[in-house]
Amino acid sequence: MKFGTMKRALFAATAVAVGGALIAAGNAEPKAAVGQAAPDFTLTDYQGNEHTLSSYTDKGHVVVLEWYSPECPFVKKHYRDDTQTMNNLITAWEGKPVTWLRVNSAKLDHDYGNREINMKSFEKFKITGPVLIDGTGKVGKMYGAKRTPEMYVIDTNGTLVYHGAIDNDRSARDAGDVNYVGKAVAEVIAGQPVSTPTTNAYGCSIKYAN
Amino acid sequence: MPLAQPITVALSAVALALGAAPDPGPDDPYADLVRASVFAERTGVEPGGTVWVGVHFEIEDGWHTYWPGQNDSGFGTRIETAAPEGVVVGAPRWPAPKRYLAPGDILDHVHERAVTALLPVTAPRDAEVGSVLELSFDLSWLVCEDVCIPGWETLTLALPVRESPDNATGLVAERIGAARARLPRAIDQGGTRIAVTWRGSLAEVRAGGAKNLSFYPDEGGSSIPGLATSGTTTSGVLRLAFDTPEPVLSGVLEIHGSGDTSELFLIRSARGGED
């Protein structure tokens with residue numbers, strides 16, 4: 001009998017997180033739920049600009065929220081040159097009333113919340129849009145976000161119409177062949193109901209502050 | 001060649017270059033966090049016979065891999081097999097996981113230190129004694145501590161066809177024994193003390209008078225929201241609430257005894273009665 005290896009690959013790159021704070025029982029914060037009004041929030045991006053969710057929906061934009069981590073392998077697989085899942089969607093919607101906001105809910109003293117590591121990742125991943133800093137995790141918990149990437153689509157009425165995965169491949173290696181966010185946004189723009197309003201998100205756990 | 005010693009796969013092999021991720025270099029602190037190997041419980045298989053094959057993952061201390069069941073994050077370890085025509089390889093049996101709860105109510109079910117998945121391999125009746133069955137196992141996993149690193153690897157196992165293969169000994173027997181000790185039994189082997197009662201879309205699970213219970217949903221049932229809170233109890237009743245109209249409870253019930261002892265049962269129950 002013999003044993004052998006054909007191939008093996010490990011990412012040297014770091015990733016993911018596990019961390020944060022437990023949501024207090026009886027928390028009075030609003031909770032995001034599909035079919036209901038998406039909780040409003042204001043957060044500041046890495047360039048210092050404030051973004052308020054309702055300011056985008058009020059002007060008739062569909063809003064996509066992408067929970068982001070600079071080091072998570074499940075995020076990285078969508079920012080490789082051969083995938084560019086997120087940026088390709090954003091490019092495809094240029095000129096259409098769609099706003100894409102990335103949110104990083106990792107605690108600030110963790111690598112994934114670290115300013116410098118984030119700024120470097122934007123360049124590497126060709127991210128030009130805003131990435132919002134949610135270091136307290138307040139907005140992430142309000143939306144029930146647990147992983148990166150975790151996706152939400154909010155229609156122009158401010159209603160949450162999609163929550164779940166970006167696509168149908170749950171591995172850290174390949175992008176899927178069905179993009180749920182692309183489909184949901186196209187349906188909203190066409191004035192149709194979202195045919196798949198929820199899926200199970202996959203990814204790295206968000207490194208929440210305690 | 002004796003079968004008794006598993007071979008730990010050398011780490012370097014061929015790295016798949018993926019996007020911007022650098023190849024692990026010799027000083028990479030994240031190299032070799034999971035060391036995979038494959039071995040058979042016996043020194044071969046008879047024509048028409050079945051042998052258990054173990055796929056073993058040695059996991060760096062402090063790190064964990066993911067059980068292929070309900071998890072809030074991560075990636076359940078996958079084993080995909082390829083075998084010659086006529087050879088039947090069954091689904092992997094995974095030892096029961098542990099709950100791993102992180103801030104933000106993030107619940108995962110994980111394996112730590114080491115885990116061996118067991119797969120039954122059945123040779124064709126017309127397999128020739130003296131021939132060798134070449135099996136291949138495509139593995140993929142995510143290993144996490146504070147950060148997570150994905151890994152994948154293909155292992156091969158050459159299984160001789162023999163009239164009367166011997167049992168493996170040593171480390172192989174030890175690892176397979178450890179895996180069996182954490183495999184759930186069928187519920188009918190638990191007697192009448194395990195009961196699932198449905199109240200609408202709420203399943204109540206009891207195990208006689210046992211107080212400390214945990215439930216680990218597998219991939220065969222409906223996902224259970226709020227499991228970070230409801231998935232373990234010291235009250236003797238697990239109350240598992242579903243948000244789907246026709247819920248199916250499917251997974252492993254662990255009845256915790258004193259110290260590290262426990263009993264494990266496979267439970268499958270659909271609303272309206274066990275199926």
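**View 1. Contact between the two domains of chain B.** Eleven residues of domain 1 of chain B are in contact with 15 residues of domain 2 of chain B. On the side of domain 1 of chain B that touches domain 2 of chain B, strand S6 (98-102) and strand S7 (106-112) of chain B are the elements that give two or more residues. Sorted by class, this side of domain 1 of chain B has six nonpolar, three polar and two charged residues. The model shown here and in the other views is predicted.

**View 2. Division of chain B.** Domain 1 covers residues 34-181 of chain B, and domain 2 covers residues 185-270. Their C-alpha centres lie 25 Å apart. The secondary structure of chain B consists of two helices and 18 strands. Of the 275 residues in chain B, 44% are buried.

**View 3. The largest nonpolar core.** This core has 121 residues. Those with the most contacts inside the core are A:Val153, A:Val181 and A:Ala184 from chain A, together with B:Val55, B:Val143 and B:Leu253 from chain B. Strand S9 (residues 132-144) of chain B supplies the largest share, eight residues. The core lies between domain 1 (34-181) and domain 2 (185-270) of chain B, because both give residues to it.

**View 4. Surroundings of B:Val143.** B:Val143 is among the residues with the most contacts inside the largest nonpolar core. Apart from its neighbours within four places in sequence, B:Val143 is in contact with B:Leu33, B:Val34, B:Ile59, B:Trp63, B:Thr65, B:Cys148, B:Ile149 and B:Gly151. For chain B, 72% of the contacts between residues at least 6 apart in sequence join residues at least 24 apart.

Notes:
Residues are numbered from 1 along each chain as its sequence is written. Chains are lettered from A and ligands numbered from 1 in the order in which they are written. This is a predicted model: local features need pLDDT of at least 70, side-chain atom pairs count only at pLDDT 80 or more; totals for chains, interfaces and linings use all residues. Domain bounds come from an automatic or database domain assignment. Two residues are in contact if their C-beta atoms, placed from the backbone, lie within 7 Å. Helices (H or I, at least four residues) and strands (E, at least two) are DSSP runs, numbered from the N terminus. Ala, Val, Leu, Ile, Met, Phe, Trp, Tyr, Cys and Pro count as nonpolar, Asp, Glu, Lys and Arg as charged, and the others, Gly among them, as polar. A nonpolar core is a set of buried Ala, Val, Leu, Ile, Met, Phe, Trp, Tyr and Cys residues joined through C-beta atoms within 7 Å. A residue is buried if 20 or more other C-beta atoms lie within 10 Å of its own, exposed if 12 or fewer, and partly exposed in between; C-beta atoms are placed from the backbone.
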